[in-house]
Amino acid sequence: MARTLVLKSTLHRHWPPSMESMRIVILEDELIVVRDLSKRLQQMGYEVVAHFAEGAPFIDFVKNNPVDLLLVDIQLKGNLTGIEAVRAIKESVAAPVIFITAQGDQNTFQQAKEVKPMAYLVKPYNSFDLQTTIELALENHNKAQEEEASQYIVNDTIFVRGRNRFEKVKIADIRYMEAAGNYTDIVTDQNKYVVTAKLGHLEKHLKEAHFFRCHRSFIINLKEVDGFDDANVYMQEEKIPISKNSKKAFLEQLRVI
């Protein structure tokens, strides 16, 4: 059946985050709040890679560095509000946003809603509130990715959405895909693309027999395999790991191909 999968590409490389190494950026202008929030996050095992008091440097940083989650205070003392800062990065940064606010009024909520945050955290909050809000944001983000990945199934083609246009990638031309946390690298002979979907979400749309999940972080095109050994698959000069649990199924698939 003909299928097309349309996905957003990102403008910079995202490193594979785990729950424990998730890269979080904070936009908050009260230093005492930043210190408290950073301490709580670090105790939970998260990594706070940067924090900012104003919108402009925050925007510059997240557009040019790998990030996995943004915690943004709505009311700031600088020229930009948190909502305006998020609006400025919305087209180029795919990380989910949690808005932090001391104001729970309907007007503030409606303004924040326009930039589609994944969750809200109302001050004052405790560690339980913070943890559950982060988990909710990530769950909502993952659901949004999966819904987007399932909406555009028409032809055997992936259209990767960039800043100004869609780039067509034929599924048959994909050599392999590598998990990068909430993102996936799609590698062809000519290019590498980064899309905002988990590897597992993409796997659901690759029903062709020549695609094989050889490792939790890799799906390979068996037709592109040049060789293998006990622990790796080789594609030209690239070495891709194959898990012990996948080895038997891999050999069986090769016989079919």
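By salt bridge I mean a side-chain nitrogen of Lys or Arg within 4 Å of a carboxyl oxygen of Asp or Glu. Keep in mind that this is a predicted model. By that criterion, the structure holds 8 salt bridges. I will go through some of them.

Start with Glu28 and Lys123, whose side chains form a salt bridge at 3.2 Å, N to O. Glu28 sits in the loop between strand S2 (23-27) and helix H1 (31-43), while Lys123 sits in the loop between strand S6 (119-122) and helix H5 (127-150), so the pair links distant parts of the chain, 95 residues apart. Glu28 has a relative accessible area of 2%, which makes it buried. This pair also belongs to a network of salt bridges that links Glu28, Asp73 and Lys123.

Next, Arg213 and Glu203, with a salt bridge of 2.5 Å, N to O. Arg213 is in strand S12 (residues 211-215) and Glu203 is in helix H6 (residues 199-203), so parts that are 10 residues apart in sequence are tied together. Arg213 is partly exposed at 27% relative accessibility, and Glu203 is partly exposed too, at 32%.

Last, Lys247 and Asp230, where the closest N and O atoms of the salt bridge are 3.6 Å apart. Lys247 belongs to helix H7 (residues 244-256), and Asp230 to the loop between strand S14 (227-228) and strand S15 (232-235), 17 residues apart.

Terms used:
Residues are numbered from 1 along each chain as its sequence is written. This is a predicted model: local features need pLDDT of at least 70, side-chain atom pairs count only at pLDDT 80 or more; totals for chains, interfaces and linings use all residues. Side-chain values use heavy atoms; hydrogens and water are left out. Helices (H or I, at least four residues) and strands (E, at least two) are DSSP runs, numbered from the N terminus. Buried means under 20% relative accessible area, exposed over 50%, partly exposed in between (1.4 Å probe, protein chains only).
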